[in-house]
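Here's a quick tour of a protein model, meant to be read with the structure open beside you. Have a look around first, then follow along.

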Amino acid sequence: RQQRAPLAAAVMGKHSKNNNERAFFSHAERQAAKYGRHSSGLLGGHNTAGGNFVDTGWGSHKRTLDSDAMKDLDACSLTLVPCVDPVITPKGVVYDKQVIYQYILDRKAEIERELRAWTAQQEAEAAGAASEAARAADQRVEEFVARQEGLSKSDLASRRPSDPSSSGGAVGALMGRTLVEDTGKHAADTSFWVPQLTPQSKSLLDKPDGVVRCPITNEPLKLKQLYPLSFTRADESLTSAETLAKPRNERYICPLSKKALSNTNPAAFLRPSGTVVSVSCVDSIIKKDMVDPFTDPPTRLKEKDIIPLRVEGTGFAAKTDEKALKVTKTDVMGF
């Protein structure tokens with residue numbers, strides 16, 4: 001008689017820790033959901049010696065993005081497509097000229113609309129304050145005249161036109177018929193459903209920022225600080241449209257090293273000539289003499305004349321800034 005072989009204890013343990021077919025959360029799953037990355041019995045998991053939920057829970061504080069999620073070196077930072085007429089800001093952000101010009105015009109129009117709305121709000125608040133001050137002044141004059149005539153407060157109140165809303169009362173009406181008339185001082189509490197006693201939310205506008213800012217760095221953006229870029233094509237026989245249709249690593253090269261420019265081989269911009277060269281050539285060649293070799297005659301360079309192009313990464317941790325890939329941790333409700 002053959003006996004059924006018992007299941008391995010390790011397999012059962014792993015299955016019990018990672019079983020996700022239950023209709024409820026186990027203690028291990030609650031702890032994993034409370035902290036950070038994938039929790040399992042694999043490398044560094046909570047089942048191993050020295051493993052902990054803080055480092056190996058579900059979700060993550062950081063994530064490594066694939067190279068497809070990274071913007072190309074020559075792509076516009078707004079449209080994320082290769083630039084037809086590229087320009088660069090002093091912070092190294094690349095834009096397509098037509099796109100960034102349209103953004104600046106639209107942003108200026110939006111600032112004007114926000115400023116007009118804020119100005120109208122300020123004028124309305126000033127008019128309301130002046131009206132309230134005038135009403136208070138009229139009330140003081142009425143009280144002074146009443147004291148001179150020897151009238152009491154009740155006599156003065158009877159002279160004034162009946163206004164339940166101003167005296168703290170409330171009147172509810174429907175289709176011209178009065179349903180309730182509450183003139184007591186606690187009308188706001190007892191007749192809270194009357195329309196004039198319904199609380200109203202006032203959305204106050206902040207004074208808009210009158211400066212057009214870069215959508216990537218939030219720095220002030222000016223037209224005179226948008227410098228045209230001059231990339232060196234990998235194949236000079238191709239047209240601009242044909243070059244843009246090629247893969248990201250086959251469009252442009254460094255004119256000094258003849259190597260392809262990409263996020264793996266980042267580039268820098270020389271402001272006097274507008275030429276784009278690789279950062280390695282800048283460090284090994286350009287910075288030795290601090291001269292732009294692409295101008296005639298060669299121009300002396302300053303540190304601000306060399307602008308590295310902003311790159312997002314390659315998808316590999318060694319060449320990707322992990323600080324830029326931090327994600328906000330969302331705690332699971334109930335844990």
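In which sense do strand 8 and strand 9 pair, and over how many bridges? They pair in the antiparallel sense, over four bridges.

## Before you dig in

This is a predicted model, where local features need pLDDT of at least 70 and side-chain atom pairs count only at pLDDT 80 or more, while totals for chains, interfaces and linings use all residues. Residues are numbered from 1 along each chain as its sequence is written, and side-chain values use heavy atoms, with hydrogens and water left out.

Helices (H or I, at least four residues) and strands (E, at least two) are DSSP runs, numbered from the N terminus.

## A closer look at strand 8

Strand 8 (residues 267-270) also pairs with strand 12, in the antiparallel sense over three bridges. F269 stands opposite V276 in strand 9 and has I307 as its bridge partner in strand 12. For L270, the bridge partner in strand 12 is I306.

Both faces of strand 8 are covered: A267 and F269 are buried on one side, A268 and L270 on the other. Buried means under 20% relative accessible area, exposed over 50%, and partly exposed in between (1.4 Å probe, protein chains only). Strand 8 and strand 9 form a hairpin with four residues between them, and G274 in the turn has a positive phi of about 80°.

K259 sits in the loop between strand 7 (252-253) and strand 8. Why does K259 count as exposed? Because its relative accessible area is 55%. Not counting residues up to four places away in sequence, K259 touches Y252, I253, C254 and N265. K259 and V277 are 18 residues apart in sequence and 9.6 Å apart in space, C-alpha to C-alpha.

Key:
Pairing = 2+ DSSP bridges. Contact = heavy atoms within 4.5 Å.
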